[in-house]
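Please look over the sequence and the model below before reading on. The text then takes a few parts of the chain in turn.

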Amino acid sequence: MDALVSAPAFPIPDNVFAERVVSVKHYTDRLFSFRITRPAAFRFRSGEFVMIGLPNAEKPVYRAYSVASPSWDEEVEFFSIKVENGPLTEHLQKIIPGDTVLMRKKPTGTLVLDALLPGKRLYLFSTGTGVAPFASLVRDPETYEKFEEVILVQTCREVAELTYITELVEALAEDPLVGECSAGKLRLHTTTTREASPRMGRVTDLMRNGKLFSDLGLPAISPETDRAMICGSMAMLNETKYVLESFGLEEGANNAPATFVVERAFVG
Ligand code: A2P
């Protein structure tokens, strides 16, 4: 198959990088990841997002995508949903190595370590592709300098949707830069809701009924020791925020660090 877009047919604005697709991996009929070249001038903090588009129109459709790779990586990785008739993802899901992807130059976002007060334990709560910013943070050595324990939670409908993060965390053990500092600190806790698996249920329910904590062998979440980040659908964000507040945590932001943060930019 030929590359979808071998050379941009439209002029690239000054605030946009045009990068080459390096690799693409499909996990299910709903999920895929891809890596693009990283421009030397692109700096971001692990956990931030950028706007992504394709050079297939004079005014391309852009969507917010969390950078899934850590800030030290030579390429930029994304984890994406495939939306049927989605203005961007119906085309994006067809990219192959050599194609061009557009990335606006300015990253931003709330899921950054600086937005949290110091603490002992960091919980990263995600559903679906909401795990992407955490794929970045768990590969950043700074996360382990700041926290003694990091608990990454992903809830998906089906087991196959957990493959991306499961493989990533397994590979981390062998990583020369992060393997050692994450060893014994990072724990991955995955659950499914629509397919039978060893751990089932929505993370919100598992926090409310205490099963998350008993499975992890930890006390219930507490503002004294615990910090949290949330990324998922709007319904999941609102519900998880409500549950965390019931445990006494408070929402923070870049300019006002507190005990948890929420990312409200999502992919369509
Ligand atoms: P469920 O299967 O019970 O709807 P989606 O693919 O639709 O974004 O969902 C990803 C995961 O998020 C699913 O496992 C889904 O569970 C779960 N989910 C959906 N809404 C919420 C919510 N309000 N709180 C927690 N988890 C949710």
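The model is a predicted one.

Which residues of H8 are buried? They are Met-236, Leu-237, Thr-240, Val-243 and Leu-244. Viewed down the axis of H8, the buried residues fall within an arc of 135°, so they line one face of the helix. Buried here stands for a relative accessible area under 20%, and exposed for one over 50%. On the other side of H8, the exposed residues are Ala-235, Tyr-242 and Ser-246.

The buried residues of H8 have several packing partners. Three of these are strands, S7 (121–127), S10 (226–231) and S11 (260–262), and helix H6 (203–208) is a further one. After H8 comes Gly-248, with a positive phi near 100°.

Next comes the largest pocket. Rolling a probe the size of a water molecule over the atoms shows where empty space is left. The largest pocket has a volume of about 800 Å³, and 33 residues line it. Nearest its centre lie Thr-127, Gly-128, Gly-232, Ser-233 and Met-236. Met-236 is also among the buried residues of H8.

Which elements give two or more residues to the lining of the largest pocket? They are strands S4 (63–66), S5 (75–81) and S8 (149–156), together with helices H2 (132–137), H6 and H8. H8 supplies the largest share of the lining, four residues. By residue class, the lining of the largest pocket has 17 nonpolar, ten polar and six charged residues.

Two loop residues remain. Arg-157 sits in the loop between S8 and helix H4 (163–172). With a relative accessible area of 35%, Arg-157 is partly exposed. Leaving aside residues up to four places away in sequence, Arg-157 touches Arg-30, Thr-192, Thr-193, Arg-194 and Glu-195. Arg-157 and Thr-193 are 36 residues apart along the chain, yet their C-alpha atoms are separated by 4.9 Å.

The other residue, Asn-85, is found in the loop between S5 and helix H1 (89–92). Is Asn-85 buried or exposed? Asn-85 counts as exposed because its relative accessibility is 62%, and the cut-off for exposed is over 50%. The phi of Asn-85 is near 60°, a positive value in a residue other than glycine.

Terms used
Residues are numbered from 1 along each chain as its sequence is written. This is a predicted model: local features need pLDDT of at least 70, side-chain atom pairs count only at pLDDT 80 or more; totals for chains, interfaces and linings use all residues. Side-chain values use heavy atoms; hydrogens and water are left out. Buried means under 20% relative accessible area, exposed over 50%, partly exposed in between (1.4 Å probe, protein chains only). The arc is that of the directions from the helix axis to the C-beta atoms. Contact means heavy atoms within 4.5 Å. On a 1 Å grid over the protein atoms alone, a cavity is a set of points where a 1.4 Å probe fits but cannot get out, and a pocket is an open set with protein on both sides within 12 Å along at least five of seven lines; lining residues have an atom within 4 Å of a point. Grid points are joined across faces, edges and corners, and a volume is the space filled by probe spheres set on the points. Ala, Val, Leu, Ile, Met, Phe, Trp, Tyr, Cys and Pro count as nonpolar, Asp, Glu, Lys and Arg as charged, and the others, Gly among them, as polar.
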